[in-house]
Amino acid sequence: MKIGILALQGAVREHRNALLQLGVETVDVLYPRDLEGIDGLILPGGESTTVGKLLIRYELLDPITESGRKGLPIFGTCTGMILLAKEIIGSTQPRFGLMDIAVERNAFGRQLASFEADLEIPALGSVPFHTVFIRAPYIEKTGERVKALLTYERKVIFAEEDNLLAAAFHPELTDDTRVHEYFLRKIKKR
Amino acid sequence: MTDIKKETGTDKVKKGLAEMLKGGVIMDVVNPEQAKIAEEAGAVAVMALERVPSDIRAQGGVARMSDPEMIIGIQKAVSIPVMAKARIGHIIEARVLEALDIDFIDESEVLTPADDVYHILKSDFKVPFVCGARNLGEALRRIGEGAAMIRTKGEAGTGDVVEAVRHIRQVNEDIQRVLGATPMELMTIAKELGAPYELVLQVKELGRLPVVNFAAGGIATPADAALMMELGCDGVFVGSGIFKSDNPAKRAKAIVEAVAHYKDAKLIAEVSKGLGEAMRGQSVAQLEDKDKMAGRGW
């Protein structure tokens, strides 16, 4: 199995390390040709406006959108979740628009509101997951096909829709690989 | 789910924001209009300040924290993180910036130091700090005080990249020394670097600095920015280099692209075309020691 990591900007190294720990081969995605032969794609955290512009400049926006429509499993964290969303509230910034969710950017506030907390995620078992939120977004609205995997303060922060998985928090900043494993299981189920 | 303990201002969320900025460009801006140009160009954050370093250098006088009104104007203008500078050792300027809900504080040698002996104890704050360093010892001292991110000092406001190169090369050389040492030698190395022993052990374990390390101080062109990435920096601060050039919007965008694709020389050639004059700049070799900002702080 080979997983691509969108490497235009952001926390690429952390996702790579998480996958290496799980014995999975990774490839940095910088050009459309890097998408060839991958079994899944991770969209890491970073700055969504920056990544969006670079996606257009390097002609990655359309090929990734196309692959996602055809069923390529894609997992977005934070910025990655924003890029997956059909609607980004109050913004026209570039996105893949693959997932039927409306996302609010910087929804918890500026950096001083960034937080960590142990949250129970039923899909990952009974041991709470240590979640890290950094200037994080949340999902304001979900479409019919979207399944909420975790709700916190009445907001959806972890969800899936068919081949797509989105988290408002950063599992790559902890040593717990259960979210990554969950994504790998999604890939294997295809 | 009623008893969830939510922790803010932790080491992890402070360092985590720096991780999210990796591979990006942070730009100095002096008003909301410039901040919008920077965001539009793809900056990952902006640094709000009253005068860019080259103006501080030219005009002289005491350089202090910026007017809160100006900082608030910039916070309203953009959705990306907004950073601001406090003078070295100026605890109150830092508290004021934290009260303004700033995303990151730069305890910066570009401003006139308020304390010539002590740096701010940054672990006392919930807001993350970035600090300048010229070598591994200085970087680890700042991290020991709680800095969540390091940048090379370079020589701000000159447009001459030589000092930034010197500083990252020194950090790299010091790290190699730690990596090549036996456990028995590490305490002596810590003593010689003037670095906390525990942090030297962390460097040995990780094979790199324990926090994100950006380049700063003299970067003026897309090629300069890519050079700093090639030398191992995680991202780049550009101060006077953008808004003191002929075509700030175009140059800003070119630098963002050069950082994202720093290994692609063809692309850097492409984005470097027709940018107009870079900032005129000043060779560091012709500066007198008293005019160098990098010597401030220890």
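## Ground rules

The model is predicted, so local features need pLDDT of at least 70 and side-chain atom pairs count only at pLDDT 80 or more, while totals for chains, interfaces and linings use all residues. Residues are numbered from 1 along each chain as its sequence is written, chains are lettered from A and ligands numbered from 1 in the order in which they are written, and side-chain values use heavy atoms, with hydrogens and water left out.

## Enclosed cavities

Let's start inside. A cavity here is a set of points, on a 1 Å grid over the protein atoms alone, where a 1.4 Å probe fits but cannot get out; lining residues have an atom within 4 Å of a point. Grid points are joined across faces, edges and corners, and a volume is the space filled by probe spheres set on the points. By this rule there are 3 cavities of 30 Å³ or more. Helices (H or I, at least four residues) and strands (E, at least two) are DSSP runs, numbered from the N terminus.

Of its 15 lining residues, Gly46(A), Glu47(A), Thr79(A), Asn106(A) and Arg135(A) lie nearest the centre. Helix H4 (79-84) of chain A and helix H1 (11-21) of chain B each supply at least two lining residues, and H1(B) gives the most, with 3.

## Open pockets

Now to the open spaces. A pocket is an open set of grid points with protein on both sides within 12 Å along at least five of seven lines. The largest pocket holds about 820 Å³. Among its 33 lining residues, Arg13(A), Met229(B), Cys233(B), Asp234(B) and Tyr262(B) lie nearest the centre. H7(B) provides the largest share of the lining, 5 residues. By class, this lining has 16 nonpolar, 9 polar and 8 charged residues.

The second largest pocket has about 620 Å³ of space. It is lined by 23 residues, with Glu14(A), Glu172(A), Leu173(A), Asp175(A) and Arg208(B) nearest its centre. Its lining divides into 5 nonpolar, 7 polar and 11 charged residues.

## A buried serine

Ser54(B) sits in helix H3 (residues 53-59) of chain B. Ser54(B) counts as buried because its relative accessibility is 13%; buried means under 20% relative accessible area, exposed over 50% and partly exposed in between (1.4 Å probe, protein chains only). Leaving aside residues up to four places away in sequence, Ser54(B) touches Gly157(B), Ser240(B), Lys244(B) and Met279(B), contact meaning heavy atoms within 4.5 Å.

## A helix pair

In chain B, helix H8 (residues 186-193) packs against H9(B) at an angle of about 115°, with the axes 9 Å apart. Axes are lines fitted to C-alpha atoms, for helices over the stretch in contact, and angles run from 0 to 180 degrees between N-to-C directions. H8(B) contributes Leu186(B), Met187(B) and Ala190(B) to the contact, and H9(B) contributes Tyr197(B), Val200(B), Leu201(B) and Lys204(B). By class, that contact has 6 nonpolar, no polar and 1 charged residues.

Key:
Ala, Val, Leu, Ile, Met, Phe, Trp, Tyr, Cys and Pro count as nonpolar, Asp, Glu, Lys and Arg as charged, and the others, Gly among them, as polar.
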